[in-house]
Amino acid sequence: MNRDSIQQLLEQVAGGKMDIESAMSELVHLPFAELAHSTLDLHRELRQGSPEIIFGKNKTPQQISDNLIRIHAAHGKALATRVGADKAAEILATWSPGLPAPSYQPSARCLTLGLGQAASPADGERYVAVVTAGTSDLAISDEAALTLQFLGHRFVQINDVGVAGLHRLFPHLEVLQKATCIIAIAGMEGALPSVLGGLLPGPIVAVPTSTGYGIARDGETALHAMLTSCASGISVVNIDNGFGAALFAHALLRQF
């Protein structure tokens with residue numbers, strides 16, 4: 001249940017189209033839902049502008065399925081991140097045929113329920129640019145993009161334009177300059193956000209990835225480089241956290 005649905009409910013009561021007891025039965029499950037294994041926060045969209053999103057790693061297929069169904073019932077859509085291919089296959093194989101079927105995106109490792117196709121931004125429409133330094137960072141980009149779609153935002157993805165061949169970035173500068181927010185994703189030495197921060201006017205959310213050899217230390221080197229960037233206006237999320245970058249962009253865009 002979100003702000004719009006509560007407003008419609010109150011308008012029905014005020015207009016005499018619904019009695020108070022019926023409205024109370026609709027509102028009784030608003031704060032949270034207690035399942036056998038989870039307590040789902042159904043009030044989060046009302047407070048923060050986005051429903052609870054399921055972190056699928058270490059959850060069982062049954063737990064993920066139960067959570068998807070209950071969140072979808074409350075909000076009309078649901079998202080589970082970090083769901084491996086084997087776990088997703090088990091969820092899809094055992095899904096009840098009487099319910100809307102979830103969709104799995106292998107690269108993003110995400111399951112969605114009730115989510116349509118992504119639409120490209122129209123002229124003059126706000127959007128987020130999701131940029132990767134290399135193809136090895138694409139899974140994190142896809143996670144960020146799918147989360148943005150779930151949250152109702154338009155986005156463009158620009159891939160494999162890192163500093164090893166910086167000339168690849170220049171044809172995309174106009175698109176990047178018009179973006180309301182940029183999510184910059186890079187492993188290795190993590191230089192891409194600094195480059196973008198020196199070229200672009202918009203706020204940048206930097207995502208270090210675990211891509212790299214040896215001293216890259218599964219993303220720690222990129223994380224430290226992004227935190228010490230010389231460019232201004234850069235915020236940094238945790239290693240491989242495309243989801244977190246999308247939520248930061250969502251919070252930012254909601255202020256406009």
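We're looking at a predicted model, where local features need pLDDT of at least 70 and side-chain atom pairs count only at pLDDT 80 or more, while totals for chains, interfaces and linings use all residues. Residues are numbered from 1 along each chain as its sequence is written, and side-chain values use heavy atoms, with hydrogens and water left out.

Let's start with the five-stranded sheet. It's open, with parallel pairing, and the order is S8-S7-S9-S10-S11. Strands here are DSSP runs of E, at least two residues, and helices are runs of H or I, at least four, numbered from the N terminus. Two strands pair if DSSP finds at least two bridges between them. At the edges sit S8 (155-158) and S11 (234-236), each pairing on one side only. From one strand to the next, the twist averages 20°; axes are lines fitted to C-alpha atoms, for helices over the stretch in contact, and angles run from 0 to 180 degrees between N-to-C directions.

Zooming in, S7 (residues 128-132) runs parallel to S8 and is joined to it by four bridges. Valine 130 has glutamine 157 of S8 opposite.

Now, what lies across this sheet? H6 does, over S7, S8, S9 (181-186) and S10 (204-208), at about 175° to S8. Contact means heavy atoms within 4.5 Å. H10 (residues 242-253) packs on the sheet too, touching S7, S9, S10 and S11, and its direction makes about 165° with that of S9.

Back to H6, residues 138-150. Its 13 residues reach 18 Å from first C-alpha to last, close to the 18 Å expected at 1.5 Å a residue; the expected span is 1.5 Å times one less than the number of residues. Eleven of the 13 are buried, so H6 is largely enclosed by the rest of the structure. Buried means under 20% relative accessible area, with a 1.4 Å probe and protein chains only. Among the buried ones are Asp142, Glu143 and Phe150. After H6 comes glycine 152, with a positive phi, near 90°.

S5 runs antiparallel to S6 (residues 110-113), with three bridges, and serine 103 stands opposite threonine 112.

Histidine 75 belongs to H4, and counts as buried because its relative accessibility is 12%.

Methods:
Buried means under 20% relative accessible area, exposed over 50%, partly exposed in between (1.4 Å probe, protein chains only).
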